[in-house]
Amino acid sequence: MRVAVLKGGRSLERAVSLQSGARVEEAITALGHDVVAIDADERLVSRLKEEDPDVAFIALHGPGGEDGTVQSLLELLGIPYTGPGISASVLCMDKVQAKHRMRAVGIPTPDWVAFGATAFRELGAADAFEEIEAGFGLPLVVKPAGQGSALGVRFAGDPGAVPAAIVGALSYDDRVLIERYVAGRELAVSILDGEALPIVEAIPEQADLFNYEARYEIGRTRYVCPAVLGDAEADAVTAVALHTWEALGCGGFARVDVMLGGEGVGPQVLEVNSVPGLTDTSLLPIAAEAAGISFESFVERALELALGE
Amino acid sequence: MDPARPEDETGRSPGGRPHRRSHTTSADVARYAGLFAQRTTVMRSSAMRDLMEITSRPEVISLAGGLPDTSTFPPDSFAAQMTRIAQESSAKALQYGPTEGFAETHEVIEEVMRAEDMRPDPGDIVVTTGGQQALDLICKTLLDPGDVVVAEGPTYPGAVPVFCSYEADTRQVEMDDDGMRVDLLEELLAELDREGRRPKFIYSVPTFQNPGGVTLALERRRRLVEIAREREILIVEDNPYGLLRYAGETLPTLYSLDGGDYVLYVGTLSKILSPGIRIGWVCAPPPVRAKLVLGKAATDLCTSTLSQYFVREYFAEGDWLAYVDELRDVYRSRRGAMLRALASYFPRQATWSQPDGGLFVWATLPDYIDTTDLLAKALRENVAFVPGAAAYADGRGSGSMRLNFSAQTEEEIVEGIRRIGAVVGEQVGLYETMTGSFEVVQPEEQDDPSTSSAARSGGDGANPGPASGDVLPFHRKPLRD
């Protein structure tokens with residue numbers, strides 16, 4: 001079988017994507033398939049036509065690869081691909097739309113408000129800061145609406161810090177999401193073909209917040225898998241994650257990030273990554289392994305799912 | 001595997017595809033993590049590094065690197081020199097050489113240092129693999145974990161990971177338009193005294209500082225050297241750009257003021273000949289030099305013999321200064337283009353240095369703009385710079401950026417600055433809209449509109465005149481010395 005691995009691209013997560021892609025290539029070679037590695041650029045479509053792969057493994061993170069664009073192109077070319085389909089990709093990449101969908105079906109997600117950059121200039125959105133702070137309390141979490149990783153995520157501890165945090169977030173996207181902060185444990189539920197894998201807990205070693213650096217570096221964050229949770233807690237977390245997977249129409253594999261708040265708060269879904277990181281330190285491979293699924297078996301299963309097997 | 005596939009025809013190995021090990025289960029990762037030395041946890045590497053990955057794409061106008069323009073070097077002369085080496089010294093040029101470098105390379109180094117009025121003892125010189133290795137060897141020789149290193153704030157971004165990897169406690173002393181604030185340095189040393197600590201060395205790029213673009217004033221040079229003597233602290237003077245002066249008077253190096261007792265001098269041919277040949281050096285008093293040589297032997301035995309032969313041939317032709325002149329002309333014009341573009345395209349809230357030489361301008365924006373975030377936005381417009389946080393070991397610098405003017409043509413520089421100016425302008429506008437405050441956040445000395453307008457028109461390129469406080473990000477205070 002001839003497998004195209006799509007990686008790199010122009011997104012800000014290029015470096016991470018190259019690592020994910022390289023690891024997937026290794027696995028596919030080990031599985032005895034033929035690999036065509038493609039660094040996504042302006043020749044992507046012509047390369048795909050030329051190479052004519054049987055299936056594509058999407059290891060692109062961030063806009064372009066994770067937002068339905070590449071998925072649409074692959075469907076046009078009739079090439080099956082790994083991970084969720086177009087509409088689920090669109091929803092997962094857009095944190096605001098995803099939250100609306102979750103809220104509509106009763107999935108707990110932290111309170112939020114979202115604005116386009118123009119709302120401040122054209123609608124005086126900044127005059128509502130007082131209400132946002134009164135409603136959500138401090139700190140506020142400020143993030144770009146459509147960026148997959150922790151890039152551009154800021155915590156504004158006092159009202160004066162909110163505008164700068166918004167300026168920062170709007171460097172990554174044209175819309176900003178302002179969210180109620182949920183104190184708690186940071187959990188990730190990886191899902192393969194509708195089955196939840198063991199829950200991973202990320203515990204930062206140094207900083208008190210799970211930041212971009214810690215997320216991608218060995219030794220900066222400790223991962224516990226399976227996370228040490230009571231049965232009821234674990235079941236509740238797994239249930240909301242599976243409900244989210246279903247509500248957003250995911251397929252193949254994906255990762256649901258959940259904050260487990262204290263009493264009365266419970267699990268709150270933050271977002272879904274439709275192309276989660278597959279690097280040495282990424283959470284999905286850790287979860288798969290804890291379930292007794294080697295990285296190669298995971299890749300094989302993802303390809304089978306793409307081919308409808 | 002199908003042998004007819006094009007990727008298999010690269011001839012890399014009889015089996016086709018190069019062998020790739022299968023590894024990296026999370027158990028492997030955990031096992032490696034358990035093996036890593038403590039110092040690797042403080043090695044810097046970050047969101048910024050991932051963003052920098054994108055800056056090398058061909059469509060990006062990169063004002064990020066510190067690359068000299070090697071396209072100005074005549075290929076014919078390069079070919080002739082390499083041919084001569086092959087014909088006359090093939091066996092020797094392909095052999096190992098002495099760890100401290102060839103005597104002929106030492107002579108070249110003496111000649112280069114003489115061009116800046118320095119008279120080193122050839123016995124003090126160690127040839128290194130670029131100036132970067134000199135920094136690494138100095139740290140390897142002098143630093144125990146937790147030792148204090150004093151540096152300028154901001155400092156050379158490439159020095160930060162070196163200090164971090166030797167687990168130094170890096171303290172950075174603020175600069176103004178006359179370089180490191182030596183009065184603040186003395187305050188810091190007094191404070192360290194009270195803690196019973198003493199820095200192992202003071203690291204300085206006194207001339208056309210990278211990234212600050214400022215030059216340490218003569219009186220401060222004298223005082224700095226005196227402080228080193230009084231307190232018996234070493235100074236590491238890193239001087240890659242001294243010969244690339246485009247305006248103003250030449251100043252004596254710290255090394256020449258001190259005579260080489262307390263100043264370890266680090267030089268390089270990277271900016272006046274080629275960074276690809278990796279030839280740098282350090283001049284150190286004999287006891288220190290002996291340790292540096294041992295350290296170098298452990299690291300790489302010797303600096304590339306072939307490169308040293310090339311250097312010998314190149315300097316034997318005798319007109320190396322003519323090439324430096326040529327580079328100076330090119331960079332002077334590019335500096336002018338950048339300063340003019342900054343005046344045209346950066347918003348009034350921004351300030352920047354007016355370098356008399358070197359390769360960099362340091363620009364500072366209002367503090368609500370984080371230049372790492374800004375880089376993400378700038379990359380969407382296909383332009384890049386180095387975020388200021390890279391020049392600090394302690395997380396400061398997020399409001400500033402380093403802009404390089406040696407690696408791009410004047411047209412590219414102007415276009416690059418225009419694009420950065422546009423994204424900065426957008427962020428300033430957004431912030432002002434949100435805060436409802438259109439008051440300009442500026443250092444005090446910028447309150448006078450007449451000086452501000454002078455700053456706008458200050459860079460006429462060829463001769464922007466002496467740097468003045470109103471165009472610099474630093475707070476000017478009277479010198480104590």
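How far apart do the C-alpha centres of domain 1 of chain B and domain 2 of chain B lie? They lie 27 Å apart. Before I go on, a word on the source. This is a predicted model, where local features need pLDDT of at least 70, side-chain atom pairs count only at pLDDT 80 or more, and totals for chains, interfaces and linings use all residues. Residues are numbered from 1 along each chain as its sequence is written, while chains are lettered from A and ligands numbered from 1 in the order in which they are written.

Now the domains. Domain 1 of chain B covers 47–70 + 323–438 + 449–471, and domain 2 covers 75–316. These bounds come from an automatic or database domain assignment. The two domains touch: 34 residues of domain 1 of chain B are in contact with 30 residues of domain 2 of chain B. Contact here requires C-beta atoms, placed from the backbone, within 7 Å of each other.

Look at the domain 1 side. Helix 12 (320–345), strand 11 (360–364) and strand 14 (400–404) of chain B each supply at least two residues to it. Helices (H or I, at least four residues) and strands (E, at least two) are DSSP runs, numbered from the N terminus. Helix 12 of chain B gives the most, with six residues. By class, that side of domain 1 has 17 nonpolar, 10 polar and seven charged residues. Ala, Val, Leu, Ile, Met, Phe, Trp, Tyr, Cys and Pro count as nonpolar; Asp, Glu, Lys and Arg as charged; the others, Gly among them, as polar.

Next, a helix pair. Which angle do the axes of helix 3 and helix 11 of chain B cross at? Roughly 130°, for helix 3 (residues 75–93) and helix 11 (residues 305–316) of chain B, whose axes come within 10 Å. That makes helix 3 of chain B oblique to helix 11 of chain B. On the scale used, angles under 35 degrees are roughly parallel, over 145 roughly antiparallel, 65 to 115 roughly perpendicular, and the rest oblique. Axes are lines fitted to C-alpha atoms, for helices over the stretch in contact, and angles run from 0 to 180 degrees between N-to-C directions.

Who makes the contact? Helix 3 of chain B brings residues including Met82(B) and Ile85(B), and helix 11 of chain B brings residues including Leu306(B) and Phe310(B). The contact residues divide into seven nonpolar, three polar and two charged.

A second pair now. Helix 13 (residues 371–380) and helix 14 (residues 410–435) of chain B pack at about 125°, with their axes 10 Å apart. Helix 13 and helix 14 of chain B are therefore oblique to each other. Leu374(B), Lys377(B) and Ala378(B) of helix 13 meet Arg419(B), Ile420(B), Val423(B), Val424(B) and Gln427(B) of helix 14. That contact has five nonpolar, one polar and two charged residues.

Finally, some backbone details. The peptide bond from Gly153(B) to Pro154(B) is cis, with omega near 0°. Pro154(B) lies in the loop between strand 3 (148–153) and helix 6 (159–165) of chain B. In chain A, the bond from Cys225(A) to Pro226(A) is cis, with omega near 0°.

Is Leu301(B) buried or exposed? Leu301(B) is exposed, with 11 other C-beta atoms within 10 Å. The cut-offs are 20 or more for buried, 12 or fewer for exposed, and partly exposed in between, counting other C-beta atoms, placed from the backbone, within 10 Å. Phi of Leu301(B) is near 65°, a positive value in a residue other than glycine.
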